[in-house]
Amino acid sequence: MTYTFNDIDKIINFKSWNNRKKLDELFRIDAYLYCNLGITSSYRERTEVKRKSKVIYKAVETIDENIGKPLLFLMDTD
């Protein structure tokens, strides 16, 4: 099954998945969002992807703070 941005809470709460699998799926969703941006993407589309990415990184932080916290920090330095 392919998960989307709307499935983040579901992924975090899976009991049968280990943390590594959860992180892999969250990063796959994040990569998919950025891969669908193109040279013709509008400012609004890029901003929306960045907002969604921040939500994903917050979810990553709940699973592994050592990975999520630096990602959020680097995102705020833009």
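## A walk through the helices and their charged pairs

The backbone oxygen of Tyr32 lies 3.1 Å from a polar atom of the Asn36 side chain. This is a predicted model, and the distances that follow are computed from it. Asn36 sits in the loop that joins α2 to α3. Take Lys10 as a reference point. In sequence, Asn36 and Lys10 are 26 residues apart. In space, their C-alpha atoms are 23 Å apart.

Now turn to helix α2, which spans residues 19–35. Lys22 is found in this helix. Is Lys22 buried or exposed? Lys22 is buried, yet it has no salt bridge. The nearest side chain of opposite charge belongs to Asp9, and that is 11 Å away. A salt bridge here requires a nitrogen of Lys or Arg within 4 Å of a carboxyl oxygen. What does Lys22 touch instead? Neighbours within four places in sequence aside, Lys22 is in contact with Ile11, Ile12, Phe14, Trp17 and Ile63.

Other charged residues do find partners. Side chains of opposite charge can pair when their charged atoms come close. The model has 5 salt bridges. Arg28 and Glu25 are 3 residues apart in α2, so about one helical turn separates them. Their surroundings can be compared with the burial cut-off, under 20% relative accessible area. Glu25 has a relative accessible area of 13%, so Glu25 is buried. Arg28 has 31% and is therefore partly exposed.

Helix α3, residues 43–63, holds another such pair. Arg51 forms a salt bridge with Glu48, and their closest N and O atoms are 2.6 Å apart. Both residues lie in α3, 3 residues apart, about one turn of the helix. Arg51 is partly exposed at 42% relative accessibility. Glu48 is partly exposed too, at 33%.

A further salt bridge brings back Lys10. Its side chain meets that of Asp7, with N and O 3.6 Å apart. Lys10, with a relative accessible area of 40%, is partly exposed.

Next comes helix α4, residues 65–76. Asp64 caps the N-terminal end of α4. A side-chain oxygen of Asp64 lies 3.0 Å from the backbone nitrogen of Asn66. The length of α4 can be checked. The helix has 12 residues, so at 1.5 Å a residue it should span 16 Å. Its end C-alpha atoms are 16 Å apart, which agrees.

Which residues of α4 are buried? They are Gly68, Leu72 and Met75. Seen down the axis of α4, these buried residues fall within an arc of 60°, so they line one face of the helix. What covers them includes α2 and α3. The face turned away from this buried side carries the exposed residues Asn66, Phe73 and Leu74.

Terms used: Residues numbered from 1 in each chain as written. Predicted model: local features only at pLDDT ≥ 70, side-chain atom pairs only at ≥ 80, totals over all residues. Heavy atoms only, no water. Helix = DSSP H or I, 4+ residues; strand = E, 2+ residues; numbered from the N terminus. Expected span 1.5 Å × (residues − 1). Buried < 20%, exposed > 50% of the residue type's maximum accessible area, 1.4 Å probe, protein only. Arc of directions from axis to C-beta. Contact = heavy atoms within 4.5 Å. Polar contact = N/O pair within 3.5 Å; in protein donor to acceptor, adjacent residues only side chain to side chain. Lys, Arg positive; Asp, Glu negative; His and termini not counted.
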